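Here is a short briefing for a first look at a protein chain. Please keep the sequence and the 3D view open while reading.

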Amino acid sequence: TTAPAIARQRAARIVTRQTEHLRLIVEDLLELSKMTRHQLQLRRSRIDLCEVVEESLDVISEGAEARHIHLTSSLPSCPLHVTADPTRVRQILSNLLSNAVKFNVEGGKIDVTMERTTSQVVLRVRDTGRGIAPERLSRIFDLFQTSDEDGAGLGIGLAVVKGLVEMHGGRVEARSAGLGQGSEFVVTLPAILEQSAA
């Protein structure tokens, strides 16, 4: 392969990534607009959250590998059922995992864990990235808030995450020991109160 061909392939990959990035921003803005006008309707069904998590990890794996970020997951006995809108749950996970890649360090780690309590499912996304300053933790889910002063990101994605989680009757929390210390996002959703069929 010639040098000009390699340069064209690289340029095409960059354009593709940027186009996808812009598409996600537009989607998040549309979702926020619908939420603020109370026009967003959830299409709930019985879904296996394990399956959704695994699909979401597959989607971000290429971007993580490109930056040598190691992905790990620890899921409970599956299936693990919740009543939720599968598209919106994927959106929640996509935003959290994309941020974990975007704000991580080269060669960092992302760990996704899930556990079931009597009536809830707790999903955690931990990363070894830049972390969040303590004074910003309480505002991180506010619209147009970012994790630090460098202006990275538009501060839209986490506002969408919070809105979608709360529409499902759940809650989301951000944790960090401070800048340079990584971060953890904890999503709690109601679980279906039944034993999975053997």
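A crossing is left-handed if the near helix is turned anticlockwise from the far one by less than a right angle, and right-handed if clockwise. By that rule, α3 and α5 cross in a left-handed way. This is a predicted model: local features need pLDDT of at least 70, side-chain atom pairs count only at pLDDT 80 or more, and totals for chains, interfaces and linings use all residues. Residues are numbered from 1 along each chain as its sequence is written, and side-chain values use heavy atoms, with hydrogens and water left out.

**Overall build**
- The chain holds five helices and seven strands. Helices (H or I, at least four residues) and strands (E, at least two) are DSSP runs, numbered from the N terminus.
- Their order from the N terminus is α-β-α-β-β-α-β-β-α-α-β-β.
- The chain has 198 residues, and 43% of them count as buried. Buried means under 20% relative accessible area, exposed over 50%, and partly exposed in between (1.4 Å probe, protein chains only).

**The core**
- The largest nonpolar core has 42 residues. Such a core is a set of buried Ala, Val, Leu, Ile, Met, Phe, Trp, Tyr and Cys residues joined through side-chain atoms within 4.5 Å.
- Leu96, Ile110, Val112, Met114 and Val187 touch the most other members.
- Elements giving two or more residues to this core include α2 (49-66), α3 (86-102), β4 (109-116) and α5 (157-167).
- Leaving aside neighbours within four places in sequence, Met114 is in contact (heavy atoms within 4.5 Å) with residues including Leu49, Val53, Leu80 and Val122.

**Where α3 meets α5**
- The two helices pack at an angle of about 145°, with axes 9 Å apart. Axes are lines fitted to C-alpha atoms, for helices over the stretch in contact, and angles run from 0 to 180 degrees between N-to-C directions.
- Arg88, Gln91, Ile92, Asn95, Leu96 and Asn99 in α3 meet Gly157, Leu158, Val160, Val161, Leu164 and Val165 in α5.

**Loop details**
- Gly169 sits in the loop between α5 and β6. Gly169 is exposed, at 57% relative accessible area.
- The C-alpha atoms of Gly169 and Leu189 are separated by 6.7 Å, although these residues lie 20 apart along the chain.
- A cis peptide bond runs from Cys78 to Pro79, with omega near 5°. Pro79 is in the loop between β2 (70-74) and β3.
- His68 has a positive phi of about 60° although it is not a glycine. His68 lies in the loop between α2 and β2 and is exposed at 56% relative accessibility.
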